[in-house]
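Let's take a friendly look at the salt bridges in this model. Please keep the sequence and the 3D view open side by side while you read.

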Amino acid sequence: MAPVNQTAPFRSDIRFAALVLCTGILIGLRYHLGLWTADERGLSVVSHGMPYWDFTNLWAGGRMALDGHVAFLFDMDSYRATLRRMFSPDLPNQEWSYPPSILIFGAPLALLPIFPAYLVWTLGTVFCLWLALRPLQLGKAAEAAVLVCPAVLINAAFGQNGALTTALLIGGLAAVPKRPVLAGLLFGLLTVKPHLGILVPFCLLANGNWRAIVAAALSSSALFVLTGLLLGSEVWTLFWTETRPLMTAILEAPYPQPYQSNAATMFFLARASGLGLTAAYALQAIATVAAIATAIWIWLPWRRVEHRERVVLTAVLATLATPYGYSYDTIGLAVAVAYLFSTRNAMPRIFLALIWLYPTIAHLVNNAGLGIGVLVPLFLSAWMLADIMARERGPTVGGTPGIDMPT
């Protein structure tokens, strides 16, 4: 039995964690209840669109590809007209915003009716997230908590791919030391949302893992070629000439826009503060360079950083490195919180709770004109980096310059 002075704080931590966890789940479920409540037009009272929200794009894109109409994805008028024929004439404007390679997921799902496809997508990507968590050895309770965290619930509400991309990023990073070929394969799949993998090549180069680098290059190239073979090579030209400028225009639109209510990047913080595009890009460039430099530093082999700590900190830094990120892309922060709660008694629990719950209030904060979501990963990564640097200055552990664990 643990001494009383150790047992009491542990029990207090567990009670506090349970309270925070239940609060996040209840808020998330309340959000889902509103999302699936229809108005007189049959549209969601929350999204004013289909309750599947962004998943309608993935499913409909896959359906168009299967029907031989993949070109519709790159013609806004044709795309919107087709969506309205599929779902509702009152459907608000939506755009295709993905690389065509994501249709390797969308096309098989489009063989199912949309509701079963949505369930397969949501539950399947959460299962992939669980598989990616396993090598981190957080414990069953921590893994379960991550799978029902607010960021995952918001991701499910949007019908988004945050659980999948987090699984690919964290799973790939965790596999790097022992299974570099698998890591490279996962990084290749992550190119379906390439802006979330900005840090990956720098991590691999700093660590000197050339097998993972080669595997990632080959798998991403294979995905590029396979997409062209299945859909026609012109899809990549159309992506570059049509989708890329469209997404740039969406990124640069005046602040605020409805879709910015869950934004969480330095770029959006600058826009919310009234700064112009030049200043916003400049501040984002600073954040990106800082994230890259930090990632390189922690992935150098001689650093005194436990491997799973590298993984979770890199997942946090990934949200700082991109100008285009939303609350459903912040599941990696919940993984970091679970890791810190399990391993760092000195980390203020209220700080961890606020990070955990932030996705549930992001839209309220942003709609108030604050746009401060990026400060959450910024403060978290700063604390973790300061902790690592403090250990660097301290005595070595077991006479070795680094701390690691098997994956």
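Glu 309 and Arg 391 pair up in a salt bridge, with 2.5 Å between their closest N and O atoms. Because Glu 309 belongs to helix 15 (residues 307-321) and Arg 391 to helix 18 (residues 375-393), this contact ties together parts that are 82 residues apart in sequence. Both Glu 309 and Arg 391 are buried. Keep in mind as you look at these contacts that the model is predicted.

Arg 391 has another partner as well: Asp 387, with which it forms a salt bridge whose closest N and O atoms are 2.9 Å apart. Through shared partners, the salt bridges link Glu 309, Asp 387 and Arg 391 into one network.

What about the side chains of Glu 143 and Arg 134? They meet in a salt bridge too, at 3.2 Å from N to O. How accessible is each of them, Glu 143 and Arg 134? Glu 143 counts as buried because its relative accessibility is 3%, under the 20% cut-off. Arg 134, at 41% relative accessibility, counts as partly exposed.

Here are these pairs side by side:

| Salt bridge | N to O distance |
|---|---|
| Glu 309 and Arg 391 | 2.5 Å |
| Arg 391 and Asp 387 | 2.9 Å |
| Glu 143 and Arg 134 | 3.2 Å |

In total, the count comes to 9 salt bridges.

Notes. Residues numbered from 1 in each chain as written. Predicted model: local features only at pLDDT ≥ 70, side-chain atom pairs only at ≥ 80, totals over all residues. Heavy atoms only, no water. Salt bridge = Lys/Arg side-chain N within 4 Å of Asp/Glu carboxyl O. Buried < 20%, exposed > 50% of the residue type's maximum accessible area, 1.4 Å probe, protein only. Helix = DSSP H or I, 4+ residues; strand = E, 2+ residues; numbered from the N terminus.
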